[in-house]
Amino acid sequence: MFKEQPTNNETETIIGPSVRVEGDFITEGNIIIEGIVCGTVKTAKNLSVGAKSKIFANVTASNALISGEVQGNIKVKERLELTATARIYGDIKAGTLVIAAGSVLDGKCQMTKGKDKTPKPDFSRQEKITLEQKEDKKK
Amino acid sequence: MYYYIYDSYLSEKKYVSTLARIENRLTDLGINGKINRLSFLKNIRQVLEDEVKKGTKTIVVVGNDQTLNKVVNIIHDLNITIGYIPVGKNNISELLNIPEAELACDTLSARIIKNVDLGKINDEYFFTTLIAGGQQATINCDDNFFLTLENKNNYIQISKLSSSNKFDNNKLEVLICDRKRKLLKQTNKSCSRLFSKTIKITSKKPMSISIKDEAQVVKTPTTISVVPKKINIICGKGINC
């Protein structure tokens, strides 16, 4: 009956292109969005946004592959990948970020994985060397 | 103690040999019992209540999916085990791994009892699938979000028990297909799939929702939900609940 029925993941949610979703869309499994979503999108697993889809919502996922338009903030725990057709109007926060050439990102970007910054050296303890001292040393 | 309910259509001549084989097998296994036939003249609910009071622990439905669904709707609140001997190929028996006719007697004798969920649409219980479509509709899922279907060429299938929706998933599977007419054929253009515990369907014009198990039709607006662990039913091997 349903030849296009997905069978690879039992808890996979699919929003087709002719469907519009409004509200808090929260699931435990993978999500594939090809339509329009307004509100909130949250999953503990993977999110895939199709090239023709539009999301007017804040998005939270473990991993995300975005090819469409997102007007809202995106928070991804692990890997966030923006393909060439992705258009993001909002802030993003991700552990690993992949941005393809041609994608649009209009917002702040914050990386969450703790890569330690190099500590700034303490310059205040260094003795001040004047020009006169330099000339004395040369002599 | 077993009590057997035969559907009225099994009175036809073509089922005589099948019923004879079933009854012989039940006798060989030592699980034969009283037999009653469904009829619109009988108050089957009263008859079954009396049998349960006398000590009947298992009521066995002999017939098809419609028979099983009919009996489950009558006795869903009695604390008993339901058995099923399907006559002919049936959807529910395949999903429960119950073979046909006399082979089902061995399944019955093995007594692998599972506590299964049922779907509920308004006041009717169903095992497998509801089918709707052909109208613009709004589907409200768990009062958290709602889907708007603007395309009239849609096909909606809501399943509790299906090959893609496992027993232990305490949710309804909603499949929405956008159909495209190509000459005389209808092909599925794109599909949506999601899971929800409670679904409310509303539409501007009343939309018919067909209950596949019972060949019955309900009109929108309607509420569909899952009733967890509703009945005990004897299944075949390999069913995980």
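View 1. A:Lys75 is found in strand β9 (residues 74-76) of chain A; helices (H or I, at least four residues) and strands (E, at least two) are DSSP runs, numbered from the N terminus. This is a predicted model, in which local features need pLDDT of at least 70 and side-chain atom pairs count only at pLDDT 80 or more, while totals for chains, interfaces and linings use all residues. Residues are numbered from 1 along each chain as its sequence is written, and chains are lettered from A and ligands numbered from 1 in the order in which they are written. A:Lys75 counts as partly exposed because it has 17 C-beta neighbours inside 10 Å. A residue is buried if 20 or more other C-beta atoms lie within 10 Å of its own, exposed if 12 or fewer, and partly exposed in between, with C-beta atoms placed from the backbone. Beyond its neighbours within four places in sequence, A:Lys75 is in contact with A:Thr60 and A:Lys93; two residues are in contact if their C-beta atoms, placed from the backbone, lie within 7 Å. A:Lys93 is 18 residues from A:Lys75 along the chain, and 4.8 Å separate their C-alpha atoms.

View 2. Chain A has 1 helix and 15 strands, and 28% of its 139 residues count as buried. Its mean pLDDT is 84, with 78% of the residues at 70 or more; pLDDT is the predictor's confidence in each residue, from 0 to 100. Over residues 1-8 of chain A, pLDDT stays under 50, and the model has 14 contacts beyond four places in sequence for them. Where pLDDT is low, the predicted coordinates should not be read in detail.

**View 3. Strand β2 of chain A and its partners.** Strand β2 (residues 19-27) of chain A is joined by 8 bridges to strand β4 (residues 36-43) of chain A, and the two run parallel. Two strands pair if DSSP finds at least two bridges between them. A:Phe25 has A:Val41 as its bridge partner in β4(A). A further 5 bridges join β2(A) to strand β9 (residues 145-149) of chain B, and these strands run antiparallel. In β9(B), A:Val19 is partnered by B:Leu149.

**View 4. Strands β7 and β10 of chain B.** Strand β7 (residues 129-133) of chain B runs antiparallel to β10(B), with 5 bridges between them. B:Ile131 has B:Gln157 as its bridge partner in β10(B). In β10(B) (residues 154-159), 5 of the 6 residues are buried.

**View 5. The two domains of chain B.** Chain B is assigned domain 1 (2-110) and domain 2 (124-228); such bounds come from an automatic or database domain assignment. Their contact takes 10 residues from domain 1 and 9 residues from domain 2. On the side of domain 1 that touches domain 2, α3 (65-75) and α4 (91-95) each supply at least two residues. The largest share of that side, 6 residues, comes from α3(B).

**View 6. The largest nonpolar core.** This core has 87 residues, and those with the most contacts inside it are A:Val37, A:Val59 and B:Val62. A nonpolar core is a set of buried Ala, Val, Leu, Ile, Met, Phe, Trp, Tyr and Cys residues joined through C-beta atoms within 7 Å. Domain 1 (2-110) and domain 2 (124-228) of chain B both give residues to this core, so the core lies between them. Residues that B:Val62 touches, not counting those up to four places away in sequence, include B:Tyr4, B:Leu10, B:Ile22 and B:Val87.
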